[in-house]
Amino acid sequence: MAYFLSAVIGYLLGCSNMALYISKYKGVDLRGHAGGNLGTANTVMVIGWVPGIIVGIHDIGKSALAILIARLLFPGVENITAVAGVSCVLGHMFPVFLKFKGGKGFASYIGMMLMMNWQFGLCVLAAVVAVTLLFDYLTLGTTLTVLSLPIFLAVTNAGWLSVGLVLVASAAIIWVHRENYVRIAGGTEYGLRKTMKKEYRAEEEQV
């Protein structure tokens, strides 16, 4: 029952989508631009940095909140953090209220990671920043994150259920980024530098 309720709470919180709320306010359909999803990075590319930061804080916060609620309701229950966190990530990526078309889950995954082990989470985030600045693609930092967390959990004996659930979330995130990998390989992916210079929006306006 603890797992079921935590999963439901996590999933429903995950379905809350700030990118959708902001895009409706701005009159922009994020699903028709750039990456075509309702996530932080796409909000930055299409609408701007300030709205994107707001979306990112919301997406990180909702997975942290889902885990906090689960811990308060079911203190001491093993694997409860992974159950609530992964459910929130999947709720963000596949929200039932939006026909299962949400964001790509990275920000919510970060929130879960920080709640699992904030020291490890901060180290990974520092590595993500370094990788993104070096190679220009956030997708590579995202991949680093979702590969490192399940390995960390396995090495620290977090429990097979926690490791398995996090692997599911990691696999889902890698899957929804498959087109990004193809664009990176083909040299057509919009990187951080173009986004900061607003070259993406300028080029799209010319189409």
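# Questions on a predicted helical model

Reader: How far apart are the C-alpha atoms of His58 and Leu138?
Author: Along the chain, 80 residues separate His58 from Leu138.

Reader: Which residues of the largest nonpolar core touch the most other members?
Author: In general, nonpolar side chains in soluble globular proteins tend to be buried together. Here the largest nonpolar core has 27 residues. Those touching the most other members are Val89, Tyr109, Met112, Leu149 and Val166.

Reader: Which helix gives the largest share of this core?
Author: Helices H4, H5, H6, H7, H8 and H9 each supply at least two residues of the core. The largest share is six residues. That share comes from H9.

Reader: What does Met112 touch, not counting residues up to four places away in sequence?
Author: Met112 is one of the core residues that touch the most other members. Sequence neighbours up to four places away are again left out. The partners of Met112 are then Ser63, Ile67, Gly85, Val86, Val89, Leu149 and Val166.

Reader: How many residues are in the second, separate core?
Author: This core stands apart from the largest one. Among its members are Ile22, Met45, Val46 and Ile47. The count for this second core is 10 residues.

Reader: How many charged residues are in the contact of H6 with H9?
Author: H6 passes H9 in a left-handed crossing. From H6 come Phe106, Tyr109, Met112 and Met116, and from H9 come Val166, Ala169, Ser170 and Ile173. By class, this contact of H6 with H9 has seven nonpolar residues, one polar, and charged residues: none.

Reader: What word describes the packing of H6 to H7?
Author: The axes of H6 and H7 are 6 Å apart. The angle is about 140°. H6 is oblique to H7, so the word is oblique.

Reader: How many nonpolar residues are in the contact of H6 with H7?
Author: From H6, the contact uses Phe106, Ile110, Met113, Leu114 and Met116. H7 brings Trp118, Phe120, Gly121, Leu122, Val124, Leu125 and Val128. One residue of the contact is polar and no residue is charged, while the nonpolar count is 11.

Reader: How many polar residues are in the contact of H6 with H8?
Author: The axes of H6 and H8 come within 11 Å and cross at roughly 35°. H6 passes H8 in a left-handed crossing. The contact includes Tyr109 and Met112 of H6, and Thr142 and Thr145 of H8. By class, the contact of H6 with H8 has 10 nonpolar residues, no charged ones, and polar residues numbering three.

Reader: Which residues does Ile110 touch, not counting those up to four places away in sequence?
Author: Ile110 is found in helix H6. At 8% relative accessibility, Ile110 counts as buried. With residues up to four places away excluded, Ile110 touches Ile60 and Leu125.

Reader: What is phi for Asn79?
Author: Asn79 is in the loop between H4 and H5. Asn79 is buried, with a relative accessible area of 16%. Asn79 is not a glycine, yet its phi is positive, about 70°.

Reader: Which value does phi of Phe100 lie near?
Author: Phe100 lies in the loop between H5 and H6. Phe100 is partly exposed, with a relative accessible area of 48%. Its phi is positive in a residue other than glycine, and lies near 65°.

How values were computed:
Residues numbered from 1 in each chain as written. Heavy atoms only, no water. Core = buried A, V, L, I, M, F, W, Y, C linked by side-chain atoms within 4.5 Å. Buried < 20%, exposed > 50% of the residue type's maximum accessible area, 1.4 Å probe, protein only. Helix = DSSP H or I, 4+ residues; strand = E, 2+ residues; numbered from the N terminus. Contact = heavy atoms within 4.5 Å. Left-handed = near helix turned anticlockwise from the far one by under 90°. Nonpolar A, V, L, I, M, F, W, Y, C, P; charged D, E, K, R; others polar. Axes fitted to C-alpha atoms, helices over the stretch in contact; angles between N-to-C directions. Parallel < 35°, antiparallel > 145°, perpendicular 65-115°, else oblique.
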